[in-house]
Amino acid sequence: MNAHSETAVGEPIVSAPFFLRGELIEGTDVIQKSRDLGVTFATPNIPFDKAVPPRSEVPPLLNVPTAEIIDFLVETGQRLVAPDNEYVHECFDRMASTHILPRSVFENVGKHAVAYLDKRILQAELEQNFPDPKALDGWIPKQDFNGRKSFVRAYAPRLIHVLPGNSPGVAVKSIAQGALVKAFNLFKMSSADPFYTVAILRTMAEIDPEHPIVKSMSAVYWRGGDAAVESVLYRPQYFDKIVAWGGGDAINNVVKYIGPGFQLVSFDPKTSISMLGREALESEESMDIAANAAASDLMMLNQEACAASRFQFVEGPQDKVDRFCEKFQRCIADRAEASGDVRPLSSDLKEEVEALMMMDDEYGTWGRADGKGLVIRSEEPVDFHPINKIGNVVRVDSLDDAVKWVNVATQTIGFYPSARMADYRDRLGAGGAQRVCPLGEAGASTVGNPWDGMYPLHRFVHWMVNENGIDGG
Amino acid sequence: MSTAIEKLMSYVDAPDRFDHSAAELRPLQIEALNERFQDRKDNIKLLRHRADEAGVTEITSVEDMVPLLFPHTAYKSYPESFLMQEKWDRLTKWLGTVSPYPIEDVDMEDIADIDDWISRLAAKGHYISCSSGTTGKSAMLIAGQKDMDWSKLDTVQVFAWGSGVEPQANRYMVGCAPVAAVPKNQTIGEAQKTAFSKPEWGRWNYPVPPITVGSLTKMVVMRKKMADGVALPQEIADFEATSAERQQVIDDAITLTADNIIANRDKLLMVSGMWSGLYAVAKAVRDKGYSAKDFNPDNCIYVGGGLKRAQLPDDYNEFVHQTFNINPERDFQNYSMQELNSGMPKCREGNRYHVPPWIVPMILNKDGDALEPYDLNGGEIEGRAAFFDLSLDGRWGGVISGDKISLDYSPCACGNKGPSIRDNIARYADLEGDDKIGCAGTIDAYVRGVA
């Protein structure tokens with residue numbers, strides 16, 4: 001990983017320091033390139049021996065009560081949104097050069113994510129993820145019908161988190177969850193955001209540099225797939241689990257290292273959709289309401305989020321569906337304009353969209369292929385992945401016809417009207433879907449609910465048993 | 001009266017065709033670009049759209065052409081469902097959006113499959129070639145009879161210039177690669193055979209079933225079915241069994257070809273293929289105990305395409321040459337792409353690919369939307385390769401490639417004054433790496449086994 005070329009002397013280059021269990025490590029040993037914008041930034045070499053604590057060390061958080069951890073996380077949250085937090089300011093300044101989203105958008109997301117660091121939310125996470133959250137704090141006595149006794153512990157795991165590049169909010173959540181399960185955590189940051197995780201950890205260290213939470217957290221960057229790093233770190237002798245977001249090459253790289261003792265907890269790449277019943281087309285008012293709600297779901301993180309809707313199945317005749325498309329496009333364009341996001345479409349995407357525009361008797365299009373909000377109406381989902389403020393309205397005679405397009409990559413399905421959810425959820429589950437919700441509410445979820453088909457904290461921990469015999473205890 | 005395009009194309013067999021500097025040719029090239037643009041702007045629907053969007057009405061400089069270049073992906077922008085559901089009329093209509101000539105009177109009755117559709121189009125003078133990608137969509141490149149006639153001429157000229165081999169019809173030709181059975185490849189193959197192969201010896205065709213657009217498309221269709229979750233387990237089992245059989249045939253072809261070369265080692269040979277195939281055959285020949293000493297020192301080699309992501313040892317080039325006794329003087333390499341209609345041969349003295357007068361090279365930024373600064377009087381520029389091939393008649397000649405190249409307007413070490421390309425061509429797709437991770441994604445990440 002030292003083979004990267006140096007940039008020309010004098011060119012200003014953003015520095016991305018590492019955080020290793022309380023220690024900030026700065027350096028310009030390696031010149032890296034961000035994935036989306038090709039911006040260069042500098043990092044130190046990874047001090048491997050600091051990033052991997054020896055197995056002889058009991059995890060620092062093991063015997064810190066979860067109540068104390070929650071208090072510390074809550075305090076961290078308060079400091080993160082404090083106007084005088086220099087780490088966060090500086091981090092957003094740096095991110096502005098590497099992130100695909102406009103500053104105002106990721107800044108909002110970053111701040112919004114801090115709301116997760118709330119006492120009631122964190123407690124609810126523990127209560128929903130574990131039948132008995134006390135198993136995190138101590139050895140829980142058990143006895144079976146034979147009279148055999150034992151103790152069970154949700155033992156603190158060693159986790160590598162491979163963070164996604166699309167949403168800065170994930171850093172907040174991952175740090176909190178890693179702390180709640182008392183893990184020793186190594187965060188692999190993304191090239192789009194090699195800063196925010198470190199800013200959060202520095203904020204923690206400022207509260208108490210010797211706190212066991214701080215001593216349990218490290219954050220570094222390497223280029224995903226770099227065998228010189230991954231082959232060293234991805235070993236069961238060092239870590240129990242790798243918590244990875246994404247798919248394709250990102251996961252294929254990780255999968256190579258999975259084996260006995262080194263497990264994958266994957267947050268898979270997801271596509272979200274909307275289903276609008278004919279009720280949406282009943283009147284101008286209902287169309288307005290539905291178009292607005294559909295645009296709200298589509299524009300989550302300006303359509304960079306996994307819960308952001310990409311395909312909208314609309315039940316009804318073409319003329320009414322087209323009227324809806326017109327309103328829908330306007331709602332998207334308004335939100336796009338308000339966000340200040342002016343990214344053009346990638347040339348491949350533009351090419352595909354323009355081909356459909358040429359085939360105008362088969363497809364309807366509203367807006368232009370300019371990244372400012374576009375709706376394409378078709379009889380089947382388009383081949384490409386709608387991204388950068390594009391809605392693909394698929395006209396159907398009945399929502400029953402839309403069910404076949406749900407697959408194992410489908411995450412959220414927003415319904416209008418919500419009364420129709422109950423008719424569909426069983427069939428959608430069989431197809432592979434994970435959640436249904438009222439249209440317009442793709443972003444919100446009940447505190448402590450499962451994610452990606454699982455209770456993640458439950459998957460993170462290393463369940464350990466202390467058998468105590470028939471007469472023991 | 002001869003047009004600017006005709007003047008430039010008349011250089012095709014001029015021995016000094018690469019010796020004209022860009023500064024000398026540029027005024028004529030601009031005139032030719034405008035001729036072509038004026039002639040096509042109302043006939044190619046996609047071009048019309050581009051020109052309207054960019055507000056271009058006339059080409060007065062190379063800059064004017066940039067927004068009118070088609071990315072290499074333009075020819076695969078057809079909706080895949082047309083293929084899946086065999087909507088031939090719709091696919092024909094899509095083709096019409098990139099064709100300068102109306103596609104009319106094509107018999108659409110009872111088309112059996114995509115190969116049948118392609119042959120019906122060919123019957124009306126529309127020749128479809130496809131890109132050789134194995135996953136994802138195939139590009140469908142439309143061309144006409146004039147393009148075929150040009151290819152015939154150009155391929156022989158390019159090879160003769162680049163290898164120093166005169167077309168004397170005195171060699172035994174050995175194909176070391178499966179060739180896609182598309183009109184352009186067939187035309188090129190025929191032309192080379194006529195020019196270089198001794199008629200009574202014939203030609204060794206690589207012993208694998210022809211790769212047709214249909215066979216390439218099967219893979220695409222299967223992938224889509226897997227993604228949509230409608231591929232049944234037995235269907236996948238059958239598909240994989242067929243793939244395994246096919247692989248066996250491909251493996252056998254290497255040995256059969258090596259045996260044939262050895263049996264004909266006393267003849268003057270012209271071996272052809274892509275590096276991966278040539279290397280595999282060369283290795284088989286070596287394994288059987290034969291090498292340079294057993295072959296004629298005047299043998300020659302025709303290499304088409306780059307490495308295509310093949311994993312080969314560092315010394316693959318020397319290994320192949322030394323196996324077949326190819327003199328370094330005879331080292332031939334050509335830079336081109338399916339989207340173009342002409343080749344750019346590499347000179348032996350300067351080791352650079354030379355751009356002919358009828359191809360206007362443009363170096364764009366990585367995004368492909370603006371020219372990198374350049375000076376026609378000299379200097380090397382690095383960036384995304386784009387070309388306007390004025391020899392193309394049956395489709396728009398302006399293409400943005402996926403390649404990163406270094407173009408120099410200074411004279412080459414070989415003495416020629418025309419623009420030339422350094423031998424370090426790379427694909428952007430290979431340079432980007434795969435440091436991508438995010439929670440938003442597609443079903444593509446869940447499909448395995450058709451890569």
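Is N351(B) buried, partly exposed or exposed? With a relative accessibility of 35%, N351(B) counts as partly exposed, a class lying between buried (under 20% relative accessible area) and exposed (over 50%), with a 1.4 Å probe and protein chains only. This is a predicted model, in which local features need pLDDT of at least 70, side-chain atom pairs count only at pLDDT 80 or more, and totals for chains, interfaces and linings use all residues. Residues are numbered from 1 along each chain as its sequence is written, chains are lettered from A and ligands numbered from 1 in the order in which they are written, and side-chain values use heavy atoms, with hydrogens and water left out.

**Backbone features in loops**

Helices (H or I, at least four residues) and strands (E, at least two) are DSSP runs, numbered from the N terminus.

| Residue | Phi | Loop | Relative accessible area |
|---|---|---|---|
| N325(B) | about 60° | α13 (316-324) to β8 (334-335) of chain B | 21% |

In N325(B) phi is positive although the residue is not a glycine. N325(B) is partly exposed. In chain A, the peptide bond from Y416(A) to P417(A) is cis, with omega near -10°. P417(A) belongs to the loop between β18 (410-416) and α14 (421-431) of chain A.

**Helix α2 of chain B**

Helix α2 (residues 22-40) of chain B has a kink of about 30° centred on L28(B), the bend at a residue being the angle between axes fitted to the seven residues ending there and the seven starting there. L28(B) is itself buried, and the buried residues of α2(B) also include L25(B), I30(B), L33(B) and F37(B). The buried residues of this helix pack against α1 (4-9), α3 (45-54), α4 (62-65), β11 (359-364) and β12 (380-389) of chain B.

**Sheets of chain A**

One open sheet has seven strands in the order β3-β2-β10-β9-β8-β11-β12 (chain A), with mixed pairing; two strands pair if DSSP finds at least two bridges between them. At its edges stand β3 (23-25) and β12 (263-267) of chain A, each with a single partner strand, so one side of each has no neighbour in the sheet. Neighbouring strands of this sheet are turned by 20° against each other on average, direction ignored. Axes are lines fitted to C-alpha atoms, for helices over the stretch in contact, and angles run from 0 to 180 degrees between N-to-C directions. Strand β2 (residues 18-20) of chain A pairs with β3(A) in the antiparallel sense over three bridges, and F18(A) stands opposite I25(A) in β3(A).

A further open sheet of seven strands, also with mixed pairing, has the order β15-β16-β17-β14-β13-β18-β19 (chain A). Its edge strands are β15 (364-366) and β19 (435-438) of chain A, each with a single partner strand. Strands β16 (residues 374-378) and β17 (residues 390-396) of chain A pair in the parallel sense over five bridges, with V375(A) opposite G391(A) in β17(A). Helix α12 (residues 318-339) of chain A packs on the sheet, and its direction makes about 160° with that of β16(A). Helix α14(A) lies across β13, β18 and β19 of chain A, at about 165° to β19(A).

**A helix pair in chain A**

The axes of α3 (residues 86-98) and α4 (residues 103-113) of chain A come within 10 Å and cross at roughly 140°. That makes α3(A) oblique to α4(A), as angles under 35 degrees count as roughly parallel, over 145 as roughly antiparallel, 65 to 115 as roughly perpendicular and the rest as oblique. Residues of α3(A), including F92(A) and M95(A), meet R103(A), F106(A) and E107(A) in α4(A), where contact means heavy atoms within 4.5 Å.
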